[in-house]
Amino acid sequence: MHQRFLCPADAWLALAAAIFAAALDYAFGQEKNMSAMALWVAETFFATAFVLAAARQFGVARAANQTEAAPGTSKQELPAALPTVLEPQHSSKTAPSIMARLGQEVSACNPIIQTLCGHVQKAVANTEDLAINTMHRLNKVDSTVTRMTSKLQKTSREKFLPLIEETERSLNSNKKTLLAFLAHTSDAAKEGESRLTSIAERVHSLESTLQSMRKLAKHTSMLAVDASVESSKNGGDSCSFAVVASEVKALAVQTEQAAKNIGECLQLLKIAIDESVETMVVKHGLQERAEIARITYGMNDLERNMSEVIVMQRETLETMRNESEEISHLVVDLLGSLQNQDIDRQRLNGVTQVLHQIVDHATSLASVMKSGNIDAAFVENMLAGIETKRQYALENSRIAHVERAPAPAIELF
Amino acid sequence: MAKKIMIVDDSQTVLMSMEGILSKAGLDVSKAPSAEEALVVLKGGRKPDMVITDLNMNEMNGIQLIREIRKIPGYQFLPIVMLTTESQQTKRDEAKSAGATGWMVKPVQPDNMLQIIKQLVPGA
């Protein structure tokens, strides 16, 4: 009787269970490729364990047959590939119970995996909602910025610039008016000055006339004196002559007085004219010129400021246009980056499919383990299924974008 | 007149994303959430200037869609480009055999995609 060591089939089963658990870990951690590989390894170990267990069963049956057929045959003649320990009694009692227990453990994982699948699908749905909401908000931001920029441009084009141009035209017109007024005022002042000068000249000529009057009065007075003297010389016959002489003298005196009065008036008139010229031409003219000069300077400043405002307005609009384009570009980039949500969606869907496959496979394995009904056909089917799963895992890796082929991302055929 | 681009994808995220990118570039965008709906539109006479389609969709996939489009009279030379997560050369070759004009792997940069459209659609 061989000494019983740990049954290799059981060891293979234990290893397979451990690897299966690792596959689940990878699946949970979304390491899909590792999950698929671990699944493949676990299934290989399961298959090996089943093959060994089946072989053991077969070997036990054959050993029993050989013992019955040839009582003298030694147990060392059994195939070398069979496990070291062949204790039919122990094997037949412990292996099914271990397998049944493993089957139960495997079954217990199924609800967990199903729950995980649900969480994954929920996460996919949530990310899709988030992506859609993000896109709505991005579009809203972009349209708001575009609308704002358009409104500013429209306001600038339709209201601000025409207003500035109108104001510039008005300023130029007013400047021209002021300059014309200045010229007119200057002409008027000159005309006034010349008229006053003319008046002054006439006054001067009147003064000459006045001098003549004075001379005449003086001469008349002298004549009256002479007449008086002659009258006194001629006695009583010249009374009338004396009267005339006295009247002439009186006239001369009056004339002199009148000339004196006229002279005083003329002097006052001269003073008034001079003051008028002083006031009208010099003072008022200078004041007007100074006022007009101030107004002109103010208008020039206004014109300069408006030019600066126009430049600033244009620069601001240009900046706003550039910034708006930049925002638009960023929005487009963000929209493009949301493609990653679709990639992750497909990846997670692939993980869910693999998990469902694991559940299906584990369910069938558990069922067989619990029943203990292992036969060669089942093992053969399972081996064939392993290859299918491996291909499936590779297919999902491709779809899930985990492995990139060394090809250009964009290609025109 | 704006050039018309049809986007075919079962992902609403991708449809909205592409619509946003292309409409901002001044293109007229129509969307189809499945290959079947795309065929209904195309057979109805509303011919776009270019079709961009995903590969992996439910029911009919992108390669089957291309084959069906090429059967429609007048659509033999319509530019049809794949926009997909696929990265295997075999799938590329299959798409090319089916009649695809080009192949873009997600995520594709908006500028690159617009460049392709500009190359394939004169006046875009």
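**View 1. The interface between chain A and chain B.**
In this predicted model, 33 residues of chain A are in contact with 37 residues of chain B, and the two chains bury about 3200 Å² between them, 58% of it on carbon and sulfur atoms. The size of an interface is often given in this way, as the accessible area that is lost when the parts come together. Across this interface there are four salt bridges, and there are also 11 residue pairs in polar contact, counting pairs in which both residues have a pLDDT of 80 or more. On the side of chain A that touches chain B, the elements that give two or more residues are α3 (88-234), α4 (239-337), α5 (339-371), α6 (376-399) and β1 (410-412) of chain A. Of these, α5(A) gives the most, with seven residues, and the residues on this side of chain A divide into 15 nonpolar, nine polar and nine charged.

**View 2**

**View 3. Strands of the two chains side by side.**
Strand β1(A) is joined by three bridges to strand β5 (residues 102-105) of chain B, and the two strands run antiparallel. Within this pairing, A:Ile410 has B:Met104 in β5(B) as its bridge partner. Among the elements of chain A, β1(A) has the highest mean pLDDT, 84, whereas helix α2 (residues 32-69) of chain A has the lowest, 54.

**View 4. A salt bridge within chain A.**
The structure holds 18 salt bridges over all chains, and one of them is formed by the side chains of A:Lys175 and A:Glu303, at 3.3 Å from N to O. Because A:Lys175 lies in helix α3 of chain A and A:Glu303 in helix α4 of chain A, this pair ties together parts that are 128 residues apart in sequence.

**View 5. Two backbone details in loops of chain B.**
The peptide bond that leads from B:Lys106 to B:Pro107 is cis, with omega near -5 degrees, and B:Pro107 is found in the loop between β5 and α5 (110-120) of chain B.

**View 6. Confidence along the two chains.**
Chain A averages a pLDDT of 73, with 67% of its residues scoring at least 70, while chain B has a mean pLDDT of 92, with 100% of its residues reaching 70 or more. In chain A, pLDDT stays under 50 over residues 1-6, for which the model has 14 contacts beyond four places in sequence, and pLDDT also stays under 50 over residues 400-405 of chain A, for which the model has 20 such contacts. Where pLDDT is low, the predicted coordinates should not be read in detail. The model scores ipTM 0.86 and pTM 0.59.

Terms used
Residues are numbered from 1 along each chain as its sequence is written. Chains are lettered from A and ligands numbered from 1 in the order in which they are written. Side-chain values use heavy atoms; hydrogens and water are left out. Contact means heavy atoms within 4.5 Å. Buried area is the accessible area (1.4 Å probe) that two parts lose on being put together, summed over both. A polar contact is a pair of N or O atoms within 3.5 Å; within protein, one must be able to donate a hydrogen and the other to accept it, and residues adjacent in sequence count only if both atoms are side-chain atoms. Helices (H or I, at least four residues) and strands (E, at least two) are DSSP runs, numbered from the N terminus. Ala, Val, Leu, Ile, Met, Phe, Trp, Tyr, Cys and Pro count as nonpolar, Asp, Glu, Lys and Arg as charged, and the others, Gly among them, as polar. Two strands pair if DSSP finds at least two bridges between them. pLDDT is the predictor's confidence in each residue, from 0 to 100.
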